[in-house]
Every structure is written in structure tokens, then in C-alpha cells.
Amino acid sequence: MNDLYGHDAGDAALKTFAKVLEDNFGQLGKVCRNGGDEFAVFLKRTTMTEGRAIFKKLFRQKLTFSYQVKDYPYTISLVFAAYPDQGASREETLEQG
């Protein structure tokens, strides 16, 4: 995003996506920025099947952000991992995702 539209546009995209994550997952767990353009979502008491369904719903959304009075579409890539099935600690689970 930064390379295409500049850093201010990239910041607008990140803020917009953070809000999307918070709107979708805020009641279910914790949304964190993992660095750069990476985010982590920790869902409490959620099975792999439930998590997959929630993330599929997000993945199907048409995502746009506004910058200088214009809307821009963007895409995301998603991965998820489950604790303790795919990691013995939070750090190990994050590495699997």
C-alpha cells in the first residue's frame, strides 16, 4: 500500500483494517497489531471449526479504505492457529499462524 499510494494512505488502510478487526472480533477476544501490516486476533474459548467460520466471514467482506476523499479496495491474507493444538505457548502459536 505504501509503495503504491504513500505512507499516509498506508496508515489510513491500517487504521481502517484495525477497526474491521475490532468490529468483527472485539467482543470475542483481543485484537493486536503484531508489527508492520500484521495483526493477531486472540479468540477465547473458540474451536478450530468456529474460528474457521468466523475468519471465512471476514475474508468474504469487500474491504475498502478512504484516503483523500476516495475509496480504495484492498485484499488481505489470513491464517490462524489454535492453542494448545498448534503451539504450547502464545509465542509458539503465533509462529504457526
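**Reading a predicted model, feature by feature**

Me: Where do the charges sit? How many positive and negative side chains does the protein chain have, and how far apart are the centres of the two sets?
Reply: The protein chain carries 13 positive and 13 negative side chains. The centres of these two sets are 8 Å apart. Keep in mind that this is a predicted model.

Me: How many salt bridges does a search of the whole structure find?
Reply: Look for a side-chain nitrogen of Lys or Arg within 4 Å of a carboxyl oxygen of Asp or Glu. The search of the whole structure turns up one salt bridge. Its partners are the side chains of Lys19 and Asp23, at 2.9 Å from N to O.

Me: Why are Lys19 and Asp23 separated by about one helical turn?
Reply: Check their spacing along the helix. Lys19 and Asp23 are four residues apart in helix H2, so about one helical turn separates them.

Me: Are Lys19 and Asp23 buried or exposed?
Reply: Exposed means over 50% relative accessible area. Both Lys19 and Asp23 are exposed.

Me: Which residues of H2 are buried?
Reply: Now use the other cut-off, under 20%. The buried residues of H2 include Ala9, Leu14, Phe17, Val20, Leu21 and Phe25. Gly10 is also one of them.

Me: What is the order of elements in the protein chain?
Reply: Read from the N terminus. The order is α-α-β-β-α-β-β-α. That comes to four helices and four strands.

Me: Where is Gly35, and why does Gly35 count as partly exposed?
Reply: Find the element, then the accessibility. Gly35 belongs to strand E1, residues 29-35. Gly35 counts as partly exposed because its relative accessibility is 33%. Sequence distance and space can also be set side by side. Gly35 and Arg90 are 55 residues apart along the chain, and 16 Å separates their C-alpha atoms.

Me: What about the whole chain? What share of its 97 residues counts as buried?
Reply: Of the 97 residues, 25% count as buried. The accessible surface is about 7,300 Å², and carbon and sulfur atoms hold 48% of it. The C-alpha atoms fill a box of roughly 45 × 25 × 20 Å along the principal axes.

Me: What share of contacts joins residues at least 24 apart?
Reply: Take contacts between residues at least 6 apart in sequence. Of these, 38% join residues at least 24 apart.

Definitions and conventions: Residues are numbered from 1 along each chain as its sequence is written. This is a predicted model: local features need pLDDT of at least 70, side-chain atom pairs count only at pLDDT 80 or more; totals for chains, interfaces and linings use all residues. Side-chain values use heavy atoms; hydrogens and water are left out. Buried means under 20% relative accessible area, exposed over 50%, partly exposed in between (1.4 Å probe, protein chains only). Helices (H or I, at least four residues) and strands (E, at least two) are DSSP runs, numbered from the N terminus. Contact means heavy atoms within 4.5 Å. Accessible areas come from the Shrake-Rupley method with a 1.4 Å probe; for residues, only the protein chains shown count as cover. Lys and Arg count as positive and Asp and Glu as negative; His and the chain ends are not counted. The place of a charge is taken as NZ of Lys, CZ of Arg, CG of Asp or CD of Glu.
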